Amino acid sequence: MLIGGRHLPGLIHRTSPAGALLFHDWESITSVYDRRTGQTHFLSALPTEILRALEHHRQSSGDLAQILSANYDIEDDSLWRNLIDDSLSQLRTLDLIEFSPTTR
Amino acid sequence: MSQLPASELSRLARRGELFFRTGPFIINLHTRYKPVIELLSGLYAESECFRTNSFANFHVHLERPSDVRRWFRPQIQFSIDSRKPFEPFPLEQALPLFEWGLNWCIAMEAHRFLMLHSAIVEKNGRALILPALPGSGKSTLCTALAHRGWRLLSDEFGLLEPASSLAWPLPRAIPLKNQSIPVIREYLPDAWIGPEFHKTRKGTVAHVKPPADSLLRQTEPAKPAWVVFPKYQAGSKTHLTPVAKSEAFTRLANNSFNYIITGEAGFRTLCRVIDAAECFNFRYSDLDDAIATFDDLATQ
(Lines give C-alpha, C1' and ligand atoms only; values in the text may rest on other atoms or scores of the structure.)
Protein backbone atom coordinates (compact mmCIF):
# COMPACT_ATOMS: atom_id res chain seq x y z
CA MET A 1 0.00 0.00 0.00
CA LEU A 2 1.20 3.48 -0.87
CA ILE A 3 1.45 5.89 2.04
CA GLY A 4 3.02 9.23 1.32
CA GLY A 5 4.20 7.89 -2.01
CA ARG A 6 6.05 4.92 -0.45
CA HIS A 7 5.03 1.27 -0.48
CA LEU A 8 4.94 -0.07 3.06
CA PRO A 9 4.62 -3.64 4.27
CA GLY A 10 2.20 -4.57 7.01
CA LEU A 11 -1.36 -5.44 7.69
CA ILE A 12 -4.58 -3.51 7.44
CA HIS A 13 -7.41 -3.85 9.90
CA ARG A 14 -10.71 -2.15 10.54
CA THR A 15 -10.89 0.43 13.29
CA SER A 16 -14.31 -0.89 14.24
CA PRO A 17 -14.44 -4.51 15.44
CA ALA A 18 -16.44 -7.31 13.83
CA GLY A 19 -20.16 -6.60 14.00
CA ALA A 20 -19.68 -2.88 14.61
CA LEU A 21 -20.41 -1.89 11.03
CA LEU A 22 -23.91 -2.13 9.60
CA PHE A 23 -24.16 -2.28 5.83
CA HIS A 24 -27.15 -1.40 3.66
CA ASP A 25 -26.74 -1.76 -0.09
CA TRP A 26 -28.54 0.58 -2.47
CA GLU A 27 -28.29 0.70 -6.25
CA SER A 28 -24.62 1.60 -6.53
CA ILE A 29 -23.74 2.90 -3.09
CA THR A 30 -23.71 1.32 0.34
CA SER A 31 -24.66 3.12 3.53
CA VAL A 32 -22.36 2.02 6.33
CA TYR A 33 -23.27 2.81 9.92
CA ASP A 34 -20.40 2.64 12.41
CA ARG A 35 -21.66 1.69 15.88
CA ARG A 36 -18.31 2.74 17.34
CA THR A 37 -18.58 6.37 16.23
CA GLY A 38 -22.27 6.81 15.32
CA GLN A 39 -21.24 8.04 11.89
CA THR A 40 -22.88 7.03 8.61
CA HIS A 41 -20.67 6.67 5.56
CA PHE A 42 -21.63 6.34 1.91
CA LEU A 43 -19.23 4.12 0.01
CA SER A 44 -18.97 2.78 -3.48
CA ALA A 45 -18.60 -0.94 -4.15
CA LEU A 46 -14.86 -1.47 -3.78
CA PRO A 47 -14.31 0.26 -0.40
CA THR A 48 -17.41 -1.55 0.88
CA GLU A 49 -16.06 -4.95 -0.15
CA ILE A 50 -12.70 -4.14 1.43
CA LEU A 51 -14.44 -3.45 4.74
CA ARG A 52 -16.38 -6.70 4.45
CA ALA A 53 -13.18 -8.62 3.66
CA LEU A 54 -11.57 -7.15 6.80
CA GLU A 55 -14.50 -8.14 9.04
CA HIS A 56 -12.66 -10.93 10.88
CA HIS A 57 -9.04 -10.83 9.73
CA ARG A 58 -6.25 -8.39 9.11
CA GLN A 59 -5.02 -8.46 5.56
CA SER A 60 -2.17 -7.01 3.59
CA SER A 61 -3.06 -4.86 0.62
CA GLY A 62 -1.71 -7.63 -1.63
CA ASP A 63 -3.99 -10.21 -0.02
CA LEU A 64 -6.95 -7.89 -0.39
CA ALA A 65 -6.16 -7.32 -4.06
CA GLN A 66 -6.01 -11.07 -4.68
CA ILE A 67 -9.17 -11.90 -2.73
CA LEU A 68 -11.24 -9.19 -4.34
CA SER A 69 -9.90 -9.77 -7.86
CA ALA A 70 -11.11 -13.36 -7.54
CA ASN A 71 -14.50 -12.15 -6.20
CA TYR A 72 -14.95 -9.69 -9.05
CA ASP A 73 -13.28 -11.91 -11.64
CA ILE A 74 -10.86 -9.10 -12.46
CA GLU A 75 -7.21 -9.45 -13.41
CA ASP A 76 -4.94 -8.66 -10.49
CA ASP A 77 -2.69 -6.22 -12.35
CA SER A 78 -1.14 -2.84 -11.50
CA LEU A 79 -4.31 -0.98 -12.42
CA TRP A 80 -6.27 -3.14 -10.00
CA ARG A 81 -3.66 -2.61 -7.28
CA ASN A 82 -3.94 1.15 -7.77
CA LEU A 83 -7.71 0.97 -7.38
CA ILE A 84 -7.25 -1.01 -4.17
CA ASP A 85 -4.75 1.52 -2.87
CA ASP A 86 -7.08 4.44 -3.70
CA SER A 87 -9.88 2.75 -1.80
CA LEU A 88 -7.62 2.04 1.15
CA SER A 89 -6.60 5.71 1.21
CA GLN A 90 -10.22 6.73 1.24
CA LEU A 91 -11.04 4.35 4.09
CA ARG A 92 -8.03 5.50 6.07
CA THR A 93 -9.14 9.14 5.67
CA LEU A 94 -12.55 8.15 7.00
CA ASP A 95 -10.91 6.44 9.99
CA LEU A 96 -12.46 3.12 9.01
CA ILE A 97 -9.15 1.25 8.69
CA GLU A 98 -5.76 1.40 10.32
CA PHE A 99 -2.37 0.35 9.11
CA SER A 100 -0.42 -1.95 11.38
CA PRO A 101 3.28 -2.43 10.56
CA THR A 102 3.45 -5.73 12.45
CA THR A 103 3.15 -9.23 10.97
CA ARG A 104 0.37 -11.69 11.84
CA MET B 1 -62.10 20.45 23.14
CA SER B 2 -65.25 21.64 21.35
CA GLN B 3 -67.41 19.82 23.89
CA LEU B 4 -66.23 22.11 26.67
CA PRO B 5 -67.39 25.75 26.68
CA ALA B 6 -64.63 28.33 26.28
CA SER B 7 -65.22 29.57 29.82
CA GLU B 8 -64.57 26.07 31.18
CA LEU B 9 -61.43 25.67 29.08
CA SER B 10 -60.18 29.01 30.37
CA ARG B 11 -60.92 28.00 33.94
CA LEU B 12 -59.06 24.73 33.53
CA ALA B 13 -56.09 26.45 31.89
CA ARG B 14 -55.97 29.05 34.65
CA ARG B 15 -55.78 26.27 37.26
CA GLY B 16 -53.26 24.25 35.27
CA GLU B 17 -55.81 21.50 34.76
CA LEU B 18 -56.11 21.62 30.97
CA PHE B 19 -54.67 18.55 29.29
CA PHE B 20 -55.07 17.81 25.60
CA ARG B 21 -53.62 15.44 23.03
CA THR B 22 -51.50 16.39 20.06
CA GLY B 23 -50.53 13.20 18.27
CA PRO B 24 -48.55 10.93 20.61
CA PHE B 25 -48.08 13.72 23.17
CA ILE B 26 -50.20 14.99 26.04
CA ILE B 27 -49.87 18.71 26.68
CA ASN B 28 -50.68 20.37 29.99
CA LEU B 29 -51.27 24.06 29.34
CA HIS B 30 -51.26 26.68 32.08
CA THR B 31 -52.36 30.14 31.02
CA ARG B 32 -54.54 32.99 32.21
CA TYR B 33 -54.59 34.57 28.76
CA LYS B 34 -58.08 33.87 27.42
CA PRO B 35 -57.60 34.91 23.77
CA VAL B 36 -55.09 32.12 23.18
CA ILE B 37 -57.47 29.56 24.73
CA GLU B 38 -60.24 30.73 22.43
CA LEU B 39 -58.01 30.33 19.39
CA LEU B 40 -56.73 26.91 20.46
CA SER B 41 -60.26 25.65 21.14
CA GLY B 42 -61.14 26.52 17.53
CA LEU B 43 -57.98 25.19 15.91
CA TYR B 44 -58.04 21.91 17.83
CA ALA B 45 -61.80 21.54 18.34
CA GLU B 46 -61.80 17.77 17.75
CA SER B 47 -58.70 17.04 19.83
CA GLU B 48 -59.03 14.81 22.85
CA CYS B 49 -59.12 16.92 25.99
CA PHE B 50 -58.95 15.98 29.68
CA ARG B 51 -59.86 17.86 32.82
CA THR B 52 -57.13 16.12 34.74
CA ASN B 53 -54.50 13.62 33.77
CA SER B 54 -51.83 11.79 35.68
CA PHE B 55 -49.24 12.40 32.97
CA ALA B 56 -48.22 15.01 30.47
CA ASN B 57 -45.28 15.00 28.11
CA PHE B 58 -44.96 18.78 28.32
CA HIS B 59 -46.07 21.19 31.02
CA VAL B 60 -46.34 24.50 29.19
CA HIS B 61 -46.86 27.87 30.84
CA LEU B 62 -47.93 30.84 28.76
CA GLU B 63 -48.08 33.86 31.03
CA ARG B 64 -47.74 37.60 30.97
CA PRO B 65 -44.72 38.98 32.85
CA SER B 66 -45.34 40.43 36.29
CA ASP B 67 -43.12 43.44 35.63
CA VAL B 68 -43.77 46.66 33.65
CA ARG B 69 -44.09 44.65 30.41
CA ARG B 70 -47.39 43.40 31.69
CA TRP B 71 -48.87 46.76 30.69
CA PHE B 72 -46.29 48.71 28.68
CA ARG B 73 -45.93 47.14 25.22
CA PRO B 74 -47.27 43.97 26.83
CA GLN B 75 -45.55 40.69 26.32
CA ILE B 76 -46.16 37.00 26.87
CA GLN B 77 -43.64 34.40 28.01
CA PHE B 78 -43.41 30.71 27.08
CA SER B 79 -41.93 28.39 29.66
CA ILE B 80 -41.63 24.61 29.76
CA ASP B 81 -40.99 22.74 33.00
CA SER B 82 -39.85 26.04 34.56
CA ARG B 83 -37.39 26.73 31.73
CA LYS B 84 -37.75 29.79 29.51
CA PRO B 85 -36.14 28.85 26.21
CA PHE B 86 -37.20 32.04 24.37
CA GLU B 87 -37.38 35.76 24.85
CA PRO B 88 -40.94 37.02 25.46
CA PHE B 89 -43.11 37.76 22.44
CA PRO B 90 -45.53 40.66 21.99
CA LEU B 91 -48.75 39.72 23.75
CA GLU B 92 -50.77 39.61 20.52
CA GLN B 93 -48.45 36.89 19.19
CA ALA B 94 -49.35 34.42 21.93
CA LEU B 95 -50.64 31.81 19.50
CA PRO B 96 -47.55 31.75 17.22
CA LEU B 97 -45.41 31.65 20.36
CA PHE B 98 -47.32 28.65 21.69
CA GLU B 99 -47.11 26.81 18.37
CA TRP B 100 -43.40 27.46 17.83
CA GLY B 101 -42.65 26.80 21.47
CA LEU B 102 -44.34 23.42 21.35
CA ASN B 103 -42.45 22.60 18.15
CA TRP B 104 -39.25 23.36 20.03
CA CYS B 105 -40.26 21.08 22.89
CA ILE B 106 -40.99 18.21 20.52
CA ALA B 107 -37.77 18.71 18.57
CA MET B 108 -35.74 18.72 21.79
CA GLU B 109 -37.38 15.78 23.50
CA ALA B 110 -39.16 13.34 21.23
CA HIS B 111 -36.18 11.16 20.38
CA ARG B 112 -38.10 7.94 20.67
CA PHE B 113 -39.05 8.84 17.09
CA LEU B 114 -36.82 9.51 14.13
CA MET B 115 -38.01 13.04 13.34
CA LEU B 116 -37.99 14.36 9.81
CA HIS B 117 -38.49 17.99 8.90
CA SER B 118 -41.31 17.14 6.60
CA ALA B 119 -45.01 17.15 6.00
CA ILE B 120 -46.78 13.81 5.91
CA VAL B 121 -50.24 13.11 4.52
CA GLU B 122 -52.01 9.79 4.17
CA LYS B 123 -54.47 8.12 1.83
CA ASN B 124 -55.78 4.54 2.02
CA GLY B 125 -53.39 3.74 4.83
CA ARG B 126 -50.31 4.82 2.87
CA ALA B 127 -48.25 7.82 3.86
CA LEU B 128 -46.68 10.41 1.58
CA ILE B 129 -43.58 12.07 3.04
CA LEU B 130 -42.83 15.59 1.74
CA PRO B 131 -39.43 16.74 3.08
CA ALA B 132 -39.12 20.46 3.73
CA LEU B 133 -36.56 22.19 1.59
CA PRO B 134 -36.16 25.90 0.83
CA GLY B 135 -38.54 26.86 -1.93
CA SER B 136 -40.54 23.67 -1.67
CA GLY B 137 -43.87 25.31 -0.82
CA LYS B 138 -44.36 22.43 1.61
CA SER B 139 -46.98 24.02 3.85
CA THR B 140 -49.04 25.35 0.96
CA LEU B 141 -48.95 21.97 -0.76
CA CYS B 142 -49.68 20.13 2.49
CA THR B 143 -52.65 22.38 3.24
CA ALA B 144 -54.08 21.76 -0.21
CA LEU B 145 -53.67 17.98 0.04
CA ALA B 146 -55.16 17.89 3.55
CA HIS B 147 -58.32 19.58 2.27
CA ARG B 148 -58.60 17.48 -0.89
CA GLY B 149 -58.95 13.92 0.29
CA TRP B 150 -55.65 13.28 2.08
CA ARG B 151 -55.45 12.98 5.86
CA LEU B 152 -53.01 15.37 7.51
CA LEU B 153 -50.52 13.55 9.70
CA SER B 154 -48.24 16.56 10.12
CA ASP B 155 -47.07 19.71 8.39
CA GLU B 156 -43.80 20.05 10.29
CA PHE B 157 -42.66 16.85 11.97
CA GLY B 158 -42.49 13.49 10.25
CA LEU B 159 -42.48 11.10 13.20
CA LEU B 160 -41.14 7.66 12.30
CA GLU B 161 -41.36 4.98 14.97
CA PRO B 162 -38.23 2.76 14.94
CA ALA B 163 -39.97 -0.41 16.13
CA SER B 164 -42.52 -0.38 13.30
CA SER B 165 -41.21 2.15 10.76
CA LEU B 166 -44.71 3.62 10.76
CA ALA B 167 -45.38 7.34 10.48
CA TRP B 168 -47.24 8.69 13.50
CA PRO B 169 -49.64 11.64 13.30
CA LEU B 170 -48.92 15.01 14.84
CA PRO B 171 -51.71 17.11 13.31
CA ARG B 172 -50.92 20.65 14.34
CA ALA B 173 -52.23 23.89 12.92
CA ILE B 174 -50.45 24.63 9.64
CA PRO B 175 -48.61 27.97 9.80
CA LEU B 176 -48.91 29.72 6.47
CA LYS B 177 -46.50 32.54 5.87
CA ASN B 178 -46.68 35.73 3.83
CA GLN B 179 -47.76 35.09 0.23
CA SER B 180 -49.02 31.60 0.88
CA ILE B 181 -51.86 33.04 2.99
CA PRO B 182 -53.80 34.68 0.14
CA VAL B 183 -52.97 31.70 -2.09
CA ILE B 184 -54.74 29.32 0.27
CA ARG B 185 -57.59 31.75 1.02
CA GLU B 186 -58.35 31.78 -2.69
CA TYR B 187 -57.75 28.07 -3.32
CA LEU B 188 -59.62 26.86 -0.22
CA PRO B 189 -62.26 29.48 0.62
CA ASP B 190 -63.89 27.12 3.15
CA ALA B 191 -60.70 26.37 5.10
CA TRP B 192 -60.66 27.51 8.75
CA ILE B 193 -57.85 30.05 8.88
CA GLY B 194 -57.06 31.91 12.06
CA PRO B 195 -56.11 35.58 12.37
CA GLU B 196 -53.04 36.99 10.69
CA PHE B 197 -50.12 37.85 12.94
CA HIS B 198 -47.90 40.54 11.48
CA LYS B 199 -44.26 41.35 12.11
CA THR B 200 -43.43 37.97 13.56
CA ARG B 201 -39.89 36.72 13.11
CA LYS B 202 -41.16 34.87 10.04
CA GLY B 203 -43.16 37.76 8.63
CA THR B 204 -46.96 37.50 8.53
CA VAL B 205 -48.29 34.16 9.79
CA ALA B 206 -51.79 32.65 9.84
CA HIS B 207 -52.73 29.18 11.05
CA VAL B 208 -54.91 26.70 9.18
CA LYS B 209 -57.02 24.42 11.33
CA PRO B 210 -56.26 20.72 10.81
CA PRO B 211 -59.31 19.07 9.23
CA ALA B 212 -61.59 17.29 11.71
CA ASP B 213 -60.72 13.83 10.40
CA SER B 214 -57.01 14.35 11.04
CA LEU B 215 -57.68 15.32 14.67
CA LEU B 216 -60.17 12.50 15.28
CA ARG B 217 -57.71 9.93 13.90
CA GLN B 218 -54.54 11.29 15.43
CA THR B 219 -53.65 7.99 17.06
CA GLU B 220 -53.70 6.09 13.73
CA PRO B 221 -50.27 5.67 12.15
CA ALA B 222 -49.64 4.94 8.48
CA LYS B 223 -47.02 3.06 6.48
CA PRO B 224 -44.75 5.30 4.39
CA ALA B 225 -45.21 4.48 0.74
CA TRP B 226 -43.73 7.52 -1.01
CA VAL B 227 -40.96 10.00 -0.34
CA VAL B 228 -41.38 13.02 -2.60
CA PHE B 229 -39.05 16.02 -2.61
CA PRO B 230 -41.24 18.94 -3.76
CA LYS B 231 -40.07 22.14 -5.39
CA TYR B 232 -42.42 24.97 -6.24
CA GLN B 233 -41.40 26.75 -9.44
CA ALA B 234 -43.74 29.44 -10.76
CA GLY B 235 -44.99 28.67 -14.25
CA SER B 236 -43.46 25.21 -14.41
CA LYS B 237 -45.20 22.09 -15.61
CA THR B 238 -45.90 19.38 -13.11
CA HIS B 239 -43.10 16.85 -13.20
CA LEU B 240 -42.59 13.74 -11.07
CA THR B 241 -39.23 12.00 -11.61
CA PRO B 242 -37.83 8.94 -9.82
CA VAL B 243 -34.93 9.42 -7.44
CA ALA B 244 -32.34 6.78 -6.63
CA LYS B 245 -32.90 5.31 -3.17
CA SER B 246 -29.31 6.02 -2.18
CA GLU B 247 -29.89 9.70 -2.91
CA ALA B 248 -33.24 9.67 -1.09
CA PHE B 249 -31.61 8.09 1.96
CA THR B 250 -28.87 10.72 2.05
CA ARG B 251 -31.26 13.63 1.60
CA LEU B 252 -33.68 12.35 4.21
CA ALA B 253 -30.90 11.72 6.73
CA ASN B 254 -29.74 15.30 6.26
CA ASN B 255 -33.35 16.49 6.52
CA SER B 256 -33.87 14.78 9.88
CA PHE B 257 -33.86 16.75 13.14
CA ASN B 258 -32.31 13.91 15.11
CA TYR B 259 -30.80 11.28 12.80
CA ILE B 260 -27.46 11.43 14.63
CA ILE B 261 -29.02 11.35 18.10
CA THR B 262 -31.12 8.27 17.30
CA GLY B 263 -27.98 6.39 16.23
CA GLU B 264 -28.41 2.82 15.01
CA ALA B 265 -32.20 2.93 15.43
CA GLY B 266 -32.39 5.95 13.15
CA PHE B 267 -30.15 4.30 10.55
CA ARG B 268 -32.19 1.09 10.51
CA THR B 269 -35.50 2.98 10.44
CA LEU B 270 -34.47 5.13 7.52
CA CYS B 271 -33.17 2.09 5.61
CA ARG B 272 -36.49 0.28 6.07
CA VAL B 273 -38.56 3.32 5.11
CA ILE B 274 -36.56 4.03 1.95
CA ASP B 275 -36.50 0.33 1.03
CA ALA B 276 -40.29 0.20 1.13
CA ALA B 277 -41.04 3.58 -0.45
CA GLU B 278 -41.02 4.92 -3.97
CA CYS B 279 -38.88 8.07 -4.11
CA PHE B 280 -39.33 11.06 -6.41
CA ASN B 281 -38.41 14.65 -7.14
CA PHE B 282 -41.48 16.78 -7.79
CA ARG B 283 -41.64 20.13 -9.56
CA TYR B 284 -44.95 21.99 -9.67
CA SER B 285 -46.65 25.35 -9.91
CA ASP B 286 -50.34 24.43 -9.99
CA LEU B 287 -52.02 22.96 -6.91
CA ASP B 288 -54.76 21.15 -8.86
CA ASP B 289 -52.17 19.42 -11.02
CA ALA B 290 -50.10 18.58 -7.96
CA ILE B 291 -53.05 16.98 -6.18
CA ALA B 292 -54.03 15.06 -9.31
CA THR B 293 -50.49 13.70 -9.55
CA PHE B 294 -50.55 12.41 -5.99
CA ASP B 295 -54.08 11.06 -6.33
CA ASP B 296 -52.88 9.09 -9.33
CA LEU B 297 -49.93 7.80 -7.34
CA ALA B 298 -52.30 6.65 -4.61
CA THR B 299 -54.33 4.54 -7.02
CA GLN B 300 -51.30 2.55 -8.28
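Me: In the second largest pocket, how do the lining residues divide into nonpolar, polar and charged?
Reply: This is a predicted model, by the way. Gly counts as polar here and Tyr as nonpolar. On that basis the lining of the second largest pocket splits into 5 nonpolar, 5 polar and no charged.

Me: Which element gives the largest share of the lining of the second largest pocket?
Reply: Residues of chains A and B line the second largest pocket, among them A:Gly38, A:Phe42, B:Phe249 and B:Tyr259. The elements giving two or more residues are β6 (40-43) of chain A, plus α7 (245-255) and α8 (259-276) of chain B. The largest share is 4 residues, and it comes from α7(B).

Me: And what volume does the second largest pocket have?
Reply: Its lining includes A:Gln39 and A:Thr40 from chain A, with B:Thr250, B:Ala253 and B:Ile260 from chain B. The space in this second largest pocket comes to about 200 Å³.

Me: What about the largest pocket, what's its volume?
Reply: The largest pocket has 40 residues in its lining. They divide into 17 nonpolar, 13 polar and 10 charged. The volume of the largest pocket is about 920 Å³.

Me: Which residues lie nearest the centre of the largest pocket?
Reply: Look at chain B, where α4 (138-146) and β12 (174-177) are among the elements that each supply at least two lining residues. Of the 40 residues in the lining, those nearest the centre are B:Lys138, B:Ser139, B:Thr140, B:Pro175 and B:Lys177.

Me: Which element supplies the largest share of the lining of the largest pocket?
Reply: In chain B, α3 (94-109), α4, β12, α5 (180-187) and α9 (287-299) each supply at least two residues. The largest share is 6 residues, from α3(B).

Me: Which residue in β5(A) stands opposite A:Leu22?
Reply: Strands of a sheet pair through backbone hydrogen bonds. β4(A) and β5 (residues 30-34) of chain A run antiparallel and are joined by 5 bridges. Opposite A:Leu22 stands A:Tyr33.

How values were computed: Residues numbered from 1 in each chain as written. Chains lettered and ligands numbered in written order. Predicted model: local features only at pLDDT ≥ 70, side-chain atom pairs only at ≥ 80, totals over all residues. Heavy atoms only, no water. 1 Å grid on protein atoms, 1.4 Å probe; cavity = no way out; pocket = protein on both sides within 12 Å on 5 of 7 lines; lining within 4 Å. Points joined across faces, edges and corners; volume = space filled by probe spheres on them. Pairing = 2+ DSSP bridges.
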